[in-house]
Amino acid sequence: MATEQVYGYCPLCISRCGCISTITDGRLTAVEPNPGHPTGRHLCIKGRAAPELVYSPGRLLRPLRRTRPKGASDPGWQPVSWDEALSEIAERMQAIRANHGSEGVAFGVTTPSGTSIADAFGWIHRLAHAFGSPNVMFATENCNWHKDQAPAETFGSGIGVPDFENADCILLWGFNPAVTWPAYADAILQAKRRGARLVVVDPRRAGLAGRADSHLQPRPGTDGVLALGLAGLMMERGWFDHDFIRNWSNGPFLVRPDGQMLTEADLRGGNRDRRVVWDEGLQRPLFYDPATRAFNEPAKRPALFGSYTLQTATGPLTCRPAFELYAQECRAYTTDRVAEETGVLPEQLENTARLLFEARPLAYYHWTGICQQLEATQIGRAIGLLYALTGSLDAPGGNVRFPRPALNDISGRELLNPAQAQKSLGHAERPLGPPAKGWITTRDLARAVLDGAPYPVRGLINFGANFRLTKPATPGLEAMLKELDLFVHVDLFENPTARFADFLLPAASPWERSGLAAGFQLGERGEALLQLRPAVIPPRGESRSDSDIVFDLAERLGLSDRFFGGDREAGLRHTLAPGGVGAGTLRAHPQGVPAAGPTRYRKYRQKGFETPSGRIEIYSERLLDAGHAPLPQFGATEQRDAGYPLALTTAKWPQFCHSQHRGLPSLRRRLPDPLVQLHPDTAAARGIIDGQWVLLQTPVGRMQAKAQLDGGIRPDTVCAQYGWWEACPELGLPGHALGGVNNSSYNALISGERFDPISGSNGLRTQCCQILPLAPGQEAHSRQ
């Protein structure tokens, strides 16, 4: 028996846990953690189930073409050769381009945070851009936008990497790494063992919330109110870093009564770009130039509070510092008001506000619990500004932009001319949101396909995105899939979205292809690591890596010149070129090599922040110019309908990623049925017992699930699971319907027409609901 161990990392989610794969007689038999890797101390059950994934009997192993009408119960899949499939796909794409322009073909890509698509993510974008399409359907608005892109409106960059090793306090808000990021969960527990404090904001007592020094449980949808309330307390008590805010934010900039920033031109006909501050030490105005990031003379003490009357060409004008306006907004959220709206007690607010300041430096992280709300961008801003009060940004123990290996960007955005890039669906409505990066929503795609608005889209080339399971109820979604002239789906398995495809192409599993990771988002050591993960076994059947499919399709589209003449190795060399570490070196060191320089903290002291002002944007002129509030503002808390008195939220469970893995026996055995968590008191009031099938209803739709009683969830909140569809024949467990009276699809409960106006984020966690017991025999499960 020949046994080999291969070093790599598990690519199934963002944790990228370092692992060792065991190959026995050419077959993958085990995947185990590699403790020597920065992220390898632990490996979740999904990673350990890799052999089941690779050898699942449900794997797609040959290219398939539809032979029956879309919507038929059986697509009539017919095997075809790769050459035949790709040639016909390319021919039909070119026909659409001839009739409707390159924008008439959209591309879809699943999330690299919860799948292994990161291996090909950049190449898929390059294919879209080389073809001329400005439309990539990527669910960033419900996943990563609010931590990776939206913070640029405040900090000029993403949320950064928490410096857990040096943090004295850690804030987790809408983020449960125990089930979504094992490497982070382990690092946080290590920090706790050395004495760091932990604050968790989550309506459930789940994961690390049980270890928290302060666990706040707000009603779903009230996170913004909570953030402003905490910030208001910190300012009222003086618990904030005055010097950091004064010197490194636009908080001192004076704002006119009309909401615009006061400029030098208003006072003496000078430069319209220069902003005005009132210096309390000098008792006169100073002028700040964003271009030079300096004042016209040394400042002594720029004012943060108060109001100041200055003489302008049109008479006296009373202005206030931006920070005063922010403080005024926060003052409106008294502890009593915040307690009433969020359900968090005043003493908890006081204690937490004190902890966030006194236990600095503070590292923080938020994720989908925030971004899946109707005011997601402003909530993220409110939390970011709360964090800015601590002065911990880019400081030891704070959120840091650690140096990471340098790579060339292969996504090819530069291949689109500016006019074509502006055609991205949704760009006119959300110019500061994902469409600015060419990322579109299923809603906007459906309108383009069905209504031709703002122009017709007739084709979709989709890499793994199962949006029928991961997006809310979108009018016309199925009709859109039927209406497309060309729909190509690339995946490991056939899923409900793929059933509408014209071509179904088999993707190789991540253990059958290589992948490159430049930085592992965990501390200085993890971010510095550059690792080329090798394929550990050959692709099964005729499956191909997503990257190979991209290169092969590019060749047939006449785009080989944009893909290094079809030479994959040349593409890899180009990717690695800036860092000076070659592919040969990486292959000789499969555990990766350090490939980044030393960490420099507080880099803003040398070059400022990458914002229009060069400072933290407490008051966002970009948002103001786009018609949005320049400061975080929130309307009245959504009232519960008398017929739907409970708040509905969702979360992830450790057994599955999104809509994947429910067909793997070892995982499905641990969680055989869809669950909805509710408090025992809530259940008792409705005659519901643990394990009973229940009906969950919203004004939008209904779903069925099994009740799981949990004393750690708020009594006015229920938490249901999404992503259920797949059967597990080995265990005799059925699949679940996506529609109709007996469905078990969370998507059916949520409207696709309610979303954040800036980013397009759906209100997946801000819906009112009711839950009722089902009598034996009523549930769909019994009729499968």
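Reply: Contact here means that heavy atoms lie within 4.5 Å. Leaving aside neighbours within four places in sequence, A322 is in contact with N250, G251, F253, V255, M261 and Y619. The model is predicted: local features need pLDDT of at least 70, side-chain atom pairs count only at pLDDT 80 or more, and totals for chains, interfaces and linings use all residues. Residues are numbered from 1 along each chain as its sequence is written, and side-chain values use heavy atoms, with hydrogens and water left out.

A322 belongs to helix α11, residues 322-331. Helices (H or I, at least four residues) and strands (E, at least two) are DSSP runs, numbered from the N terminus. A322 and Y619 are 297 residues apart in sequence, yet their C-alpha atoms are 6.0 Å apart in space.

A322 counts as buried because its relative accessible area is 0%; buried means under 20%, exposed over 50%, and partly exposed in between, with a 1.4 Å probe and protein chains only.

Now the core. A nonpolar core is a set of buried Ala, Val, Leu, Ile, Met, Phe, Trp, Tyr and Cys residues joined through side-chain atoms within 4.5 Å. The largest one has 90 residues, and L172, W173, L226, M235, F323, Y326 and L389 touch the most other members. Helix α8 (residues 223-237) supplies the largest share of this core, nine residues. Apart from it lies another core, of 71 residues, including I461 and V536.

W173, again leaving aside neighbours within four places in sequence, has contacts that include L226, L230, W367 and L386.
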